[in-house]
Amino acid sequence: MQNKKILVLKGDGVGPEVVDSALMVLETVAERSGLSFELDFSEIGGIAIDKFGNPFPEVTRNKLKHASAVLLGAVGGPEWDQVEPALRPEQGLLALRKTLGVFANLRPCKIYSALIDNSPLKPKYLDNVDFVIIRELVGGIYFGKRDTFVQDGLRTAYDEERYNELEISRIATYAFETAMQRKRKLTLVDKANVLDSSKLWREIVAEIAVDYPEVDLDYLYVDNAAMQLIREPKRFDVILTNNIFGDILSDEASQISGSIGLLPSASLGETIGLYEPIHGSAPDIAGKNIVNPLAAILSVAMLLRYSFSLIKEAEQIETAVNQVLQDGFRTQDLALEGFIGTEEITLEVIKRL
Ligand code: IPM
Ligand code: MG
C-alpha cells in the first residue's frame, strides 16, 4: 500500500489556524474511513526566514523527498517587508512550486446556493456558475529575469514574461483533458493583441486543439475576461491562463462565490501535489480565531482526490462544507452578525462528516 505521507507547511499569518482546521478534518476522515496518514511538518515563508534565514530552507527541501503530498497555509506578512526581495517569504513559496514542478494550478470556483446573497452579483447571474481556472504556476513573469538599476540617471526596473512551447503545451494539454471531463469548453485568456508570449500561447493551444475536436475553444483578452467574469460568469467552464493573469483572475473569481475564504487550490505537475487555499496570510486577522478555514479544508478534499484518488472521502468533505453553509453557519467574512469562529465552524464540518 502506498505510504500516505503529507508534508505540512503552515507558514505565516492565518496559515497555522486554517491548516490546523484542515488537519482536524483530515484526522476525522481518516478515522471514519480506516485510513492512516503520516504527517510531517516543516517551515516555509516568514517563519522560515526567522528560524533559518531562508524562506525555503534546506530542511524543508529535504523533507519533500519523503512526502506524497504537501499541504500549505499561507506565507508573508509586514514583519518581512524589509527583507531583500530575493529572500521575501513569497520567494519561498515560488521556490517550493518550482522545486515540485507543479505547473498546473487548479482553482475551482463554484456557487454555494446558501451563499447567493454573499455574492456581489445579482442571483440571476449565478445560476450554473461552475468553472475552474487552470493557472500556469512555474513560469512566466514570476520566474523571468528581473532587475532594478539606474539608467540614464533614472531608477529603472523590469520583469520578463517568457514561455517556451513545452511550458505551454503541457499545461494546455492538461486543460483540454480537464475540459473533456467537464462541460467541454475551454477559454484561453491572454493579451495576444499586445504580447508576443500570448501569441505563442494562442499558436500552441490552437495546435493542441486539433486533437480535441469535442472541446469548444475560445480566446479572450485578459481585460475582456475580467469583465466577462462578472458580466456572465456562467459562460466559463475551463479558463486556461498564464501565471500572473491566473493570480489576478482567481482573486476576482473568488468574490463571485462570496469570499476568498472559500476557494481551495491544487497544484499538480511533475511529482507530488501541493494544496493550499488561494487566500494569503491575512496578518490583520491572524491569531484571532476569525479566519474562514473552509478554503483550507476544501484544499484537503482536493489533496485526497488528486494525490490519493480518495474520491469518496473528498466528496464527504465537500458535502459537509456545503451542509454547514446550508445550516446557516458563517464565519466573519460571510456575515455581519451571528458569525462563529474558525474553530467553531471547523467543528461543525467535523460533526457532519
Ligand atoms: C497566490 C498568491 C501568491 C501568488 C503570492 C503569495 C506569491 O497570491 O497563490 O495566489 O501570487 O502566486
Ligand atoms: Mg494570489
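Helices (H or I, at least four residues) and strands (E, at least two) are DSSP runs numbered from the N terminus. The model is predicted, so to speak of local features pLDDT of at least 70 is needed, side-chain atom pairs count only at pLDDT 80 or more, and totals for chains, interfaces and linings use all residues. Residues are numbered from 1 along each chain as its sequence is written, and side-chain values use heavy atoms, with hydrogens and water left out.

At least three residues come from each of domain 1 (1-107 + 259-353) and domain 2 (120-257), with bounds from an automatic or database domain assignment. Beyond its neighbours within four places in sequence, Leu304 is in contact with Leu26, Val29, Phe37, Ser309, Leu310, Glu313, Ala314 and Ile317.

We turn next to helix α7. In α7 (residues 222-231), Val222, Ala225, Gln228 and Leu229 are buried. Seen down the helix axis, these buried residues fall within an arc of 110 degrees (taken from the directions from the axis to the C-beta atoms), so they line one face of α7. Their cover includes β5 (130-136), β8 (185-190), β9 (216-221), β10 (238-241) and α8 (243-257).

Strand β8 is itself mostly covered, with six of its six residues buried. Lys185, Thr187 and Val189 are buried on one side, and Leu186, Leu188 and Asp190 on the other. Pairing requires at least two DSSP bridges between two strands; β8 pairs with β9 in the parallel sense over six bridges. From β8 the chain crosses through helix α6 (residues 196-209) to β9 in a right-handed β-α-β crossover, meaning that, with the strands pointing away from the viewer, the path from the first strand over the helix to the second runs clockwise. With β10, β8 pairs in the parallel sense over four bridges. Leu188 has Tyr219 as its bridge partner in β9 and Leu240 as its bridge partner in β10.

Methods
Chains are lettered from A and ligands numbered from 1 in the order in which they are written. Contact means heavy atoms within 4.5 Å. Buried means under 20% relative accessible area, exposed over 50%, partly exposed in between (1.4 Å probe, protein chains only).
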